[in-house]
Amino acid sequence: MATDTHGADAAAQAPGMPQLDFSTWGNQIFWLVITLVVIYMILSKVALPRIAAILAERQGTITNDIAAAEDFKAKAQEAEAAYDKALVDARAEAHRIVAEAKADIQSDLDTAIAKADEEIAAKAAESEKAIAEIRAGATEAVQQVAQDTAREIVAALGGKAEADVITAAVDTRLKG
């Protein structure tokens, strides 16, 4: 049993966790400072410059993209203004073409109407001339029929019909 107590004494004399042993704290602090300085050096010389370069590159890309977007926006606005101007010009040209076409059609229509009026007037004159000839012919025919009828009536009643007297009587009666 003596060995048991001896083992218990040895366990009681053992310090426990080395991190909590005050006698090794100086050594631990030294290595902690060295480790932190090494980590700081590695991060500041290797990792942080890479991260900073990536962030700067991203910021540059974003800035370039924003500038390009503004350029595209300006170009789009210029294109829209040019499109609007072209649209206004095209509408004005279309109105001008329509006005010219209307004027041409109206002049052609006026010419056609004038030509048709001339043709109608010529045909009306021809018709009136034909009607006048028919009237003159009809008047002569009526006069001739009236003279023949009067001669026949006078002869039928037993009188002697003189041509000059019958002609004068028919002419007087036809005139009114």
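Tutor: From the N terminus on, the elements of the protein chain run α-α-α. That makes 3 helices and 0 strands, where helices (H or I, at least four residues) and strands (E, at least two) are DSSP runs, numbered from the N terminus. This is a predicted model, in which local features need pLDDT of at least 70 and side-chain atom pairs count only at pLDDT 80 or more, while totals for chains, interfaces and linings use all residues. Residues are numbered from 1 along each chain as its sequence is written, and side-chain values use heavy atoms, with hydrogens and water left out.

Now the part you asked about. The structure holds 1 aromatic pair. The ring centres of Phe30 and Trp31 are 5.2 Å apart and the planes stand at 75°, so the pair is edge-to-face. Rings of Phe, Tyr and Trp (its six-membered ring) pair if their centres lie within 6.5 Å; planes under 30 degrees apart count as stacked, over 60 as edge-to-face and the rest as tilted. Phe30 has a relative accessible area of 44% and is partly exposed; buried means under 20%, exposed over 50%, and partly exposed in between (1.4 Å probe, protein chains only).

As for the setting, buried residues make up 2% of the 176 residues in the protein chain. The C-alpha trace of the protein chain spans about 205 × 45 × 20 Å along its principal axes.
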